[in-house]
Amino acid sequence: MCNAPDYTIHRHHHHFGWDNSIVPVQTVAPGTTLEFECIDSSGGQITPESTTADIAKLDFAKINPVSGPIYIDGAEPGDAVKVKIEGFGPSGFGWTANIPGFGLLADQFEEPSLQLWHYDKDKLGTSAYGPGGRVPLKPFAGTIGLAPAAPGEHSVVPPRRMGGNLDIRDLAAGTELYLPVEVAGALFSMGDTHAAQGDGEVCGTAIESRMNAIVTLDLVKGANLNMPRFTTPGPVTNHLDQKGYEVTTGIGDSLMQGARDALSGMIDLLCAQHNMNAVDAYMLCSVCGDLRISEIVDQPNWVVSFYFPRVVFE
């Protein structure tokens, strides 16, 4: 953890959708540091005692809670909220699931599956261990956002121009995120903390893990951002780069199909090389493998690649 927080937003101050009519739990001046007690994306429904049978019992009305909202004095439409991500306090427990109907290959993996992870909460550079090896950790918040101008409640699941469920693994400690303000006070909330995730979060879940997060909220007046942007403090893959990567590709006239083909190719490779169950390989790809657009100019075909870090097995 870094800067001492001026306020703590407790986990019972949470909500399940974006709505600009929600009463703020705190009003702060620009430059204020806050600690958020974030609930995992299951809303606490998945525990260390959970089994695969519990996936079918999930109440989806309680999925992806976010703590907040915070009213920032002076924030107006056209401004940007600058979110300095100071650090995380992980819980030591996480989970990854294949949830039927959800994920890039939902049509191929129709049965539920659950992997429970345990890791050293005091060593952020440690790894979580599972049946597929060890996954280096990089804590971050999957959902960071502001209230939309449109009235009513809006699902927290899809990302939006004011942020929300971005699931960008580089929104980690030291990163500065800029979000466009749509309503007075901005109404900032965050949650959906992860211990690790690959770019793409391909099965639909990462290592979902309850954490505390410390952020500093500031304002950039008249920024007029169209979409979120962020600045990282340094390299973003050095926790995975040490041993290189195995890479599969998907090539064709559809980026979506290319992504599916590249991922399917990696699942097949992991199963063959490491005698893995296919759904375990799918979930492992979601927590540490990266989808990348390698080429998008040589029409009519594009290249999508899937990078899997060899450090997981070596």
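Q: Let's start with helix 2: how many of the residues of helix 2 are buried?
A: In helix 2 (residues 278-288), 9 of the 11 residues are buried, so this helix is largely enclosed by the rest of the structure. Buried means under 20% relative accessible area, exposed over 50%, and partly exposed in between, with a 1.4 Å probe and protein chains only. Helices (H or I, at least four residues) and strands (E, at least two) are DSSP runs, numbered from the N terminus.

Q: Before we go on, what kind of model is this?
A: This is a predicted model, where local features need pLDDT of at least 70 and side-chain atom pairs count only at pLDDT 80 or more, while totals for chains, interfaces and linings use all residues. Residues are numbered from 1 along each chain as its sequence is written, and side-chain values use heavy atoms, with hydrogens and water left out.

Q: Thanks! Which residues of helix 2 are buried?
A: They are Val279, Ala281, Tyr282, Met283, Leu284, Cys285, Ser286, Val287 and Cys288.

Q: And what covers the buried residues of helix 2?
A: The cover includes helix 1 (255-274) along with strand 8 (93-98), strand 9 (113-118), strand 11 (133-136), strand 20 and strand 21. Contact here means heavy atoms within 4.5 Å.

Q: How do strand 20 and strand 21 pair?
A: Antiparallel, over 5 bridges; two strands pair if DSSP finds at least two bridges between them. A hairpin through 6 residues joins strand 20 to strand 21, and Arg292 stands opposite Ser305 in strand 21.

Q: Where does Ile296 lie?
A: Ile296 is in the loop between strand 20 (290-295) and strand 21 (302-309). Ile296 counts as partly exposed, because its relative accessibility is 46%.

Q: Back to helix 1: is Met256 buried or exposed?
A: Met256, which has its place in helix 1, counts as exposed at 52% relative accessibility. Met256 and Val304 are 48 residues apart in sequence, and their C-alpha atoms are 8.8 Å apart in space.

Q: New topic: what is the strand order in the open sheet of 6 strands?
A: The order is 1-5-17-7-15-18, with mixed pairing. Strand 1 (7-9) and strand 18 (229-231) each have a single partner strand, so one side of each is left without a neighbour in the sheet.

Q: How do strand 7 and strand 15 pair?
A: Strand 7 (residues 80-90) and strand 15 (residues 176-180) pair in the antiparallel sense over 5 bridges. For Val81, the bridge partner in strand 15 is Leu179.
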